Amino acid sequence: MLAPLPPVFTPPPILMYHRVDVDRPADPVGRDLTVTPAQFEAQLRIMRQHGLRAVSMAEMERRLRAGERVDRIVVLTFDDGYADQYRFAVPLLRKYDASATFYIITGQIGKPRHLTWGQLRSMQAQGMEIGGHGVEHDDLSTMTPAGQAYQIRTSVDALRARLPGPVTTYAYPSGRFNAQTLPIVRGAGLDTAVTTDAAFVLRPETRFEMSRVRVRSEWDAPAFWAALRDEKDTPHAVRS
């Protein structure tokens, strides 16, 4: 039987990506959320050069439960389920013997420029983790508990019903949630949940409020390493 998570632990850096594509969107928001395959490969190479292993949320959770060190890992996450993640990110992750967690908006599966169910199954078979990100990309913090439960449970249940691998983690759309969200996430049988900017949410205290660093398209290799190093040097203990 796996040991419970420690009462207090300091998670490793958790990076948040969106798109990995050779085409850069014209709009500022889309452009900021898109790194090129060359950029992403350079970032994977930097982590390897500094002795850091890129892993999924599930692998971080496994190490914590086994009492293993997590100070030499970096967690990679991808939001929204864009098709370019399968085309460009997954092959590079495989090339560098890395894994990642892909948070999926289930209402977008199979739509243009988004992942299909077949691709999601293939990604799991290749060692990638699939997590929930809502039926739609809606702000949980503005919803009733019933509305939040629909978004969380329906998306997670759909993934569990259609995919062979486990679904144990969730990403709050836009990083937003409230005190009513956490019991719903626990009740859905999830192990972890992630947010983004702590300035917009409750003070991080549990493993259902783990913060992430947004990877910016304008970062060159030194800027990426500086952001990663700063995150590694900033303690942020989280209660189990």
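Guide: Two strands pair if DSSP finds at least two bridges between them. The structure shown above is a predicted model.

Visitor: Over how many bridges do strand β6 and β7 pair, and in which sense?
Guide: Pairing requires at least two bridges. Strand β6 covers residues 73–79, and Phe78 has Phe102 in β7 as its bridge partner. β6 and β7 meet this requirement, with three bridges in the parallel sense.

Visitor: Through which helix does the chain cross from β6 to β7, and what is the handedness of this crossover?
Guide: The link is a β-α-β crossover. Its helix is α4, residues 83–95, and the crossover is right-handed.

Visitor: Which residues of strand β7 are buried on each of its faces?
Guide: In a regular strand the side chains alternate between the two faces of the sheet. Strand β7 spans residues 101–104, and both of its faces are covered. One side holds Thr101 and Tyr103, and the other holds Phe102 and Ile104.

Visitor: In β8, which residue is the bridge partner of Tyr103?
Guide: Strand β8 comprises residues 129–132 and pairs with β7 in the parallel sense over four bridges. Tyr103 has as its bridge partner in β8 the residue Gly131.

Visitor: Within what arc do the buried residues of α5 fall?
Guide: Trp117, Leu120, Met123 and Gln124 are the buried residues of α5. Seen down the helix axis, they line one face of α5, because they fall within an arc of 120°.

Visitor: Which elements do the buried residues of α5 pack against?
Guide: Contact here means heavy atoms within 4.5 Å. By that criterion, the buried residues of α5 pack against α4, β7, β8 and α6 (145–162).

Visitor: How far does helix α8 reach from its first C-alpha to its last?
Guide: Helix α8 covers residues 221–232 and has 12 residues. At 1.5 Å a residue, 16 Å is expected, and the helix comes close to that value, reaching 16 Å.

Visitor: Which elements do the buried residues of α8 pack against?
Guide: In α8, Phe224, Trp225, Ala227, Leu228 and Glu231 are buried. Viewed down the axis of α8, these residues fall within an arc of 160°, so they line one face of the helix. They pack against β2 (14–17), α2 (37–49), β6 and β11 (213–214).

Visitor: At the start of α8, a side-chain oxygen of Asp220 reaches to the backbone nitrogen of which residue?
Guide: The side-chain oxygen of Asp220 comes to within 2.9 Å of that nitrogen. The nitrogen belongs to the backbone of Ala223.

Key:
Residues numbered from 1 in each chain as written. Predicted model: local features only at pLDDT ≥ 70, side-chain atom pairs only at ≥ 80, totals over all residues. Heavy atoms only, no water. Buried < 20%, exposed > 50% of the residue type's maximum accessible area, 1.4 Å probe, protein only. Helix = DSSP H or I, 4+ residues; strand = E, 2+ residues; numbered from the N terminus. Right-handed = clockwise from strand over helix to strand, strands pointing away. Expected span 1.5 Å × (residues − 1). Arc of directions from axis to C-beta. Polar contact = N/O pair within 3.5 Å; in protein donor to acceptor, adjacent residues only side chain to side chain.
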